[in-house]
Amino acid sequence: MNITFENTALEELYTTGVTKDKQYKKLSKQIVKQYVKVVNYLRAVRRIEDLFLIKSLHYSKKVGDLKGVDVVWINDQYRLLFHSSPDENGIVVNALIIEISKHYE
């Protein structure tokens with residue numbers, strides 16, 4: 001899958017493991033490591049439907065306020081939110097990573 005990042009902080013976190021952005025700089029090294037692992041999973045799948053096969057990600061599409069947002073679990077506390085979009089054949093192969101969200105906050 002093709003991955004793009006909505007902001008530079010998320011891309012820095014993925015490529016270097018650290019960022020100066022106040023929203024993400026306090027994340028533990030373990031969470032950052034899991035974040036990188038989840039983004040690598042997203043990169044490795046050929047289409048969005050393949051995410052259903054990786055049970056630990058708990059892939060879902062949100063409804064309500066977050067309608068149209070896709071979510072995968074980083075761990076039991078953090079979620080990775082992204083938008084997916086199809087290619088010209090209608091197969092979802094592009095993902096725009098929006099944010100790392102702390103669940104229930």
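Five strands make up an open, mixed sheet, running in the order β1-β5-β4-β3-β2. Strands here are DSSP E runs of at least two residues and helices are H or I runs of at least four, numbered from the N terminus; two strands pair if DSSP finds at least two bridges between them. This is a predicted model, where local features need pLDDT of at least 70, side-chain atom pairs count only at pLDDT 80 or more, and totals for chains, interfaces and linings use all residues. Residues are numbered from 1 along each chain as its sequence is written, and side-chain values use heavy atoms, with hydrogens and water left out.

- β4 and β5 pair antiparallel over nine bridges.
- Tyr78 has Lys102, in β5, as its bridge partner.

**Helix α2**
- α2 covers residues 29-44, 16 residues in total, and spans 22 Å from first C-alpha to last. That is close to the expected 22 Å, taken as 1.5 Å times one less than the number of residues.
- Ile31, Val32, Tyr35, Val38, Val39 and Leu42 of α2 are buried (under 20% relative accessible area, 1.4 Å probe, protein chains only).
- Those buried residues fall within an arc of 120° seen down the axis of α2, so they line one face; the arc uses directions from the helix axis to the C-beta atoms.
- On the other side, Lys29, Lys33 and Ala44 are exposed (over 50%; partly exposed is in between).
- The buried residues of α2 pack against β1 (2-5), α1 (8-16), β3 (70-73), β4 (78-86) and β5 (92-102), with contact meaning heavy atoms within 4.5 Å.
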